[in-house]
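Biologist: I would like to learn how to read the local features of a structure. Please take them one at a time, with the general idea before the case.

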Amino acid sequence: MSSLLHRPRRLRSSELMRRLVRETQVTVDDLLYPMFVTEEAESRSIPSMPGISRFTVEDLCREVEGIIALNIPAIMLFGIPNKKDAVGSGGYDENGIVPTALRALRKRFGNAILLVPDVCMCEYTDHGHCGVLENGDVANDPTLELLTRSSVCYVEAGADIIAPSDMMDGRVSAIREGLDNSGYTHVPIMSYSAKFTSGYYGPFREAADSAPKFGDRRTYQMDPPNRREALREIALDIDEGADIVMVKPGLAYLDILRDAREQFNTPLAVYNVSGEYSMVKAAAQNGWIDEARVVDETLTAFKRAGADIILTYHALDFARRHR
Ligand code: PBG
Ligand code: ZN
């Protein structure tokens, strides 16, 4: 006779038993799929992000048809313009790449999928920084005006949610006011609230051709060691009217995600960024890990830590596997 009273293994004895006591489940409803749209004549795959491409508007529309069929609720859009300048004009030109893509998608698919453009200047500035420059650094307040113009322009073209990723102070208030003054009081803002300066953005910068030409983003993106500051950034964004707040990157910042879930009731997003994606793909291509298993485990970690929304380049693969 055994003297053990507690045997947690009793509840792991079969898949049915495990299903019954499972605490967390990722579903396709939780996913937001980031996509790149280019002004170039042809679509191109992105070498550092296997399975991901920059699409022409036409190819993007074809791809989105499959995404809707998989029941993914939302896509994020990053634009890659042909021409860049010091003030990122392509980011608020109504005939720029993102507004053009938004109009095409809206026309073709109506309200079958949520369209969430990322709002930032770095894809459109020739210096690659997330705002306009003054004395060798990004000038905060003048940048707010451009981000607001960009947001209004994207909503006019059909955006459902506006997602600013620049990390300027006060941008949620500025964008909220701009949208409201244009009659768009109903359009939510998903703010990249706790966005850390990170080596994990490397493949994205190749994909979007948006690496800064000098210096780095440390004067505006957050310093990785700072936990309390992240919560302060999130609180400020909620105060300014953010409808959804985000932590980015994901895996190296799961503690921040958990803290945010415990302190705030605003819907919470996490961005499983390009570098996180590329590492999994590279290891899988080498046969070093089981990709499907690692991806499911990773997305589950985000959900368990408290995320409501997961932005991930794995969304399509995940949705195909969990049909
Ligand atoms: C633009 C932006 C970046 C990402 C999302 N929006 C790059 C950066 O801040 O340098 C990163 C996304 C990823 O790595 O997948 N500000
Ligand atoms: Zn940027």
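**Reading the model**

Modeller: Just after helix 3, Gly110 takes a positive phi of about 55°. Helices (H or I, at least four residues) and strands (E, at least two) are DSSP runs, numbered from the N terminus. This is a predicted model, in which local features need pLDDT of at least 70 and side-chain atom pairs count only at pLDDT 80 or more, while totals for chains, interfaces and linings use all residues. Residues are numbered from 1 along each chain as its sequence is written, chains are lettered from A and ligands numbered from 1 in the order in which they are written, and side-chain values use heavy atoms, with hydrogens and water left out.

Biologist: Which residues other than glycine have a positive phi?

Modeller: Most residues other than glycine have a negative phi, and most peptide bonds are trans. Here Met167 has a phi near 70°, and Asp209 has a positive phi of about 55°. Met167 sits in the loop between strand 8 (163–164) and helix 5 (171–181), whereas Asp209 is in the loop between helix 6 and helix 7 (227–239).

Biologist: Are Met167 and Asp209 buried or exposed, or partly exposed?

Modeller: Buried means under 20% relative accessible area, exposed over 50%, and partly exposed in between (1.4 Å probe, protein chains only). Met167 is buried at 4%. Asp209 has a relative accessible area of 40% and is therefore partly exposed.

Biologist: Where is there a cis peptide bond?

Modeller: The bond joining Lys248 and Pro249 is cis, with omega about -10°. Pro249 belongs to the loop between strand 10 (244–248) and helix 8 (254–263). Contact means heavy atoms within 4.5 Å. Leaving aside neighbours within four places in sequence, Ser198 is in contact with Pro249 and Gln221. Ser198 itself lies in the loop between strand 9 (190–195) and helix 6 (202–208), and its relative accessibility of 11% counts as buried. The side chain of Ser198 also reaches the backbone nitrogen of Tyr200 at 2.9 Å.

Biologist: How do I read a helix, taking helix 3 as the case?

Modeller: An α-helix has 3.6 residues a turn, so residues three or four places apart point the same way. The expected span is 1.5 Å times one less than the number of residues. Helix 3 (residues 97–109) has 13 residues and reaches 18 Å from its first C-alpha to its last, close to the expected 18 Å. Its buried residues are Ile97, Val98, Pro99, Ala101, Leu102, Leu105 and Phe109. The elements covering them include strand 1 (31–38), helix 2 (57–69), strand 4 (74–80), strand 5 (114–119) and helix 4.

Biologist: What does Ile80 touch?

Modeller: Not counting residues up to four places away in sequence, Ile80 touches Phe36, Val37, Thr38, Glu39, Arg54, Ile97, Ala207 and Ala208. Ile80 lies in strand 4 and is buried at 3%.

Biologist: How many residues does the largest nonpolar core have?

Modeller: A nonpolar core is a set of buried Ala, Val, Leu, Ile, Met, Phe, Trp, Tyr and Cys residues joined through side-chain atoms within 4.5 Å. The largest one has 107 residues, and those with the most contacts inside it are Phe36, Ile75, Met76 and Met190. Helix 4 (residues 140–157) gives the largest share of this core, eight residues. Beyond four places in sequence, the contacts of Ile75 include Leu32, Tyr33, Val64, Leu105 and Val116. Ala269, in strand 11 (residues 268–272), is buried at 0%, and its contacts beyond four places in sequence include Met190, Ile244 and Leu311.

Biologist: Why is the arrangement around the zinc ion (ligand 2) called tetrahedral?

Modeller: Donors are N, O and S atoms within 2.8 Å of the metal (3.2 Å for Na, K and Ca); water is not among the atoms, so sites may look incomplete. Four donors count as tetrahedral if all angles lie between 85 and 135 degrees; four count as square planar and six as octahedral if opposite donors are over 155 degrees apart and all others between 65 and 115; anything else is irregular. The four donor atoms around the zinc ion (ligand 2) subtend angles of 99 to 120°, so the arrangement is tetrahedral. The protein donors are Cys120 (SG), Cys122 (SG) and Cys130 (SG), at 2.2 to 2.3 Å, with the sequence spacing C-x1-C-x7-C. Cys122 is buried at 6%, and Cys130 is buried at 1%.

Conventions
Polar contact = N/O pair within 3.5 Å; in protein donor to acceptor, adjacent residues only side chain to side chain.
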